[in-house]
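Student: Please take a close look at one part of this chain and describe how that part is placed. I would like one connected account.

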Amino acid sequence: MAIECINILIGGEAGQGLATVGQLLSKCLVRSGYHISVTQDYMSRVRGGHNTFAIRCSAQPVSAPLDRVDVLVALNQETVTLHKDQLGERGIALLGESIDDEGARALAVPYKQLIPKRLFENTSALGVLCALLGIDREVPAELMRQTFKKKGEDIINQNLEVLDKSMQWLRDQSPDFPALPAPPDAGREKIMINGNEAIALGAMAAGVRFCSFYPMTPSTSVALTLIANAETLGMVAEQAEDEIAAVNMGLGASFAGARAIVPTSGGGLALMCEGISLAGITETPLVFVLAMRPGPATGLPTRTEQGDLDLVLYAGHGEFPRAIFAPGDLEQCFRLTHRAFDQAEKVQGPVFVLTDQYLADNYRDVVPFDLDSLPEPVMPGESTDDPASYERYAVTESGVSPRLVPGTGEHLVVVDSDEHYPNGHITEDHGVRIEMQDKRMRKEQILKNDVVPPLLVGEEGADVLLVCWGSTQGPALEAAQLLNEQGTSAAVLHFSQVWPLVPEQYAETLDAAKKVVVVEGNATGQFATLLKIAGCFEPDGRVLRYDGLPFTAQYILERLG
Amino acid sequence: MGRIEDYGEFETAWCPGCGNFRILDAVKKALADMDLPPHKVAYFSGIGQAAKLPHYFKCNMFNGLHGRGLPPAQGAKLVNPELAVFCHSGDGCNYGEGGNHFLAALRRNVDMVLVAHDNQIYGLTKGQASPTTEEGHVTKAQPWGVKSSMFKPLAVAVALRANFVARGFAGNVDQLADLIRQAHETPGFALVDVLQPCVTFNKVNTFAWYKERVYELDDSYDPTDFDAAMKKAEEFGDRIPTGVIYRNDRPNFCEALVTCGGELFNKPADRGLVRSVMMQYA
């Protein structure tokens, strides 16, 4: 293996608390200085079904899921049946009450002896896992104290007792399980968040003041993270009656001068298309977050895919400029969301952040984001010296008109979905139409001048160049690393902005590679097609995945040929 | 007191004799009476002849999508409560395409005024039935007569306990201006449904037809009585009441929401606060 790591997979029914155990253990690992990457797989149901929470943990940075499982925590029989074959040589299963090992190397955890009430099973499982992985007792103990602070001393002490008993039980079993090397980063200040939380933090750092949304997996946690902090930050987050209302409310808030965000998923964005056009013609800044899941229609509502690139690229009728960001990791989720707000304000229009279920739910350890290095925000104007002659759509060389907000001075802001004169009032004059459409389209050049270039990891002219975008970055990087270790020179070109595309930024890199393979999570190779449209480039191969699961390095390598 | 002239004169795209002219007169009169200068008001509208109204006098305006006047109006009011927010919409726009937004706005209770120009027909698309067209009414699109039951916006607004529910008539500008003023002065969501004859496409509900039927509610009527209000809201036939049908005092959205801290526009992030939020994840 390229990375010395342990992959812990917790499996069970929805409602059994597996995500709670997973999050607590992840936090213990991060606080102990380890790197983690969490992959969550869950079904579209509230109770029952088969869900998993997989924590890949290492002393070195990790950025992708792993097929192999080292610790299988089975809360039900199905978990053993479905995943026992993934257990590696050193793998071990920790089984709940009356679960059969089905031939796997396993330890049956006697929860009934370890806990006074079923309520404590999560704490007990955490204790067993921490002991198995060699985590210092004080780390989970401190987490218990924080978690149950509001519930009082008695509850804290009961949990600590269960924790100690469970850790001791595991040690008494003295299982033959290798410990991870000591983490070199121990003691460094870190936070543990998932992709959607990183996006929400990026919005907060950008000064978001308004969020309107209709709940839709896997985007909802962006809004929920903002709501949890709305009182602290001073913002309004409103659950709209539908996605159409959400986008239009966001536009109203932005018209009134507030930075606004609209998180949704594919089906929701489909409903927002008319509003996206409205943002285009009214030249109103608005940031959309599209957390992709497999379609068409309801598809696989809780699984992952990169199937909505075409949707977001063409969403809305008529023509207007747009920018589309596609973060590949949590730092990019934060930085690109922050950037999306500034770009939206700069060109006064819709900007999209394209993520997916895998990244949305992907917990990782990150160094706290550097807020001081962020650029000063681009803001609309408040007043003008000559309010009587203010024109919202004054024709300019750049295409950007001076944007004022209503109510801050004697100027009037007139905004219209119909074609309009520079003063915003309706017209059907053909000449004005051309002048206005040209003015709006000129803003595309501003976006093009400011595109985040794709990131090349590895050498120019490698034998294999893996081209990817969005969340496929981690698995592609690991696949390239494995190829290099096997003696094939490999590199990765990752696009974190997928529109506009500027071929000058990457054409030479594509030409220099001996073999270019596009890796993306959809059935038709949407980004590969986009590369062809933007620069007449035809890759040598495509590795596609659309079964609802995230890429792994192994998946890519098996299909490279 | 402002002056009506301050709100300007513009060329319109309305048919001669259209009820919209009188509604525009009432709007200007109400704004002047309330001394609301053009830059302090923001008008939101959807699509249709009613939705063009904000184009015909001086004001801040957001003329958006068909049926979607209410969502941007609420979004703007929530981030800048100092703006006097009005939405103008036709019966097709507001009760048809925007029906869900109408219901949600009544429930949400953001402090704003909705004026619905109710001519019981789609005018701009040349005469199809709207949600408020009466059953049996024959149009080119409904040649066998309208089979759906008539939508009753006032009854729905009363049923959802809106803070202010009124009916005006385009033929009575002074009363309508007064209703718009009262609607604005009532905290929370206020509906003014206006009987507005379509002189081109609605040959049934004409000025003459309405004049025979409308009457003004007098002081003996108590608009805070829910049961009485439901009855008045349902009254539509030989006699049609105008005036304030219902009043309520639910807390408006901004009073009810803990995070509505006032002006949220043109306000950059406080990095110290963002860092404190971020470190919750340590």
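Tutor: Asp511(A) is a residue of helix H18, which spans residues 507-512 of chain A. The model is predicted. Asp511(A) counts as exposed because its relative accessibility is 60%, and exposed requires over 50%. Together with Glu459(A), Glu460(A) and Glu508(A), Asp511(A) forms a negative surface patch.

Another exposed position lies in a loop. Ala179(A) sits between helix H6 (153-173) and strand S7 (191-193) of chain A. With a relative accessible area of 62%, Ala179(A) is exposed. Along the chain, Ala179(A) and Val432(A) are 253 residues apart, and 71 Å separates their C-alpha atoms.

Strand S8 of chain A, residues 210-213, gives the buried counterpart to these positions. Phe210(A) and Ser212(A) point one way from the strand, while Cys211(A) and Phe213(A) point the other way. All four of these residues are buried, that is, under 20% relative accessible area.

S8(A) has strand partners as well. With strand S9 of chain A, residues 236-239, S8(A) pairs in the parallel sense over four bridges. Strand S10 of chain A, residues 260-264, also runs parallel to S8(A) and is joined to S8(A) by two bridges. Cys211(A) takes part in both pairings: Ala237(A) is its bridge partner in S9(A), and Ile261(A) stands opposite Cys211(A) in S10(A).

Conventions
Residues numbered from 1 in each chain as written. Chains lettered and ligands numbered in written order. Predicted model: local features only at pLDDT ≥ 70, side-chain atom pairs only at ≥ 80, totals over all residues. Heavy atoms only, no water. Patch = residues over 30% accessible without salt bridge, like charges linked within 9 Å, V, L, I, M, F, W, Y side chains within 5 Å. Areas by Shrake-Rupley, 256 points an atom, 1.4 Å probe, with all protein chains shown as cover. Salt bridge = Lys/Arg side-chain N within 4 Å of Asp/Glu carboxyl O. Lys, Arg positive; Asp, Glu negative; His and termini not counted. Charge placed at Lys NZ, Arg CZ, Asp CG, Glu CD. Buried < 20%, exposed > 50% of the residue type's maximum accessible area, 1.4 Å probe, protein only. Pairing = 2+ DSSP bridges.
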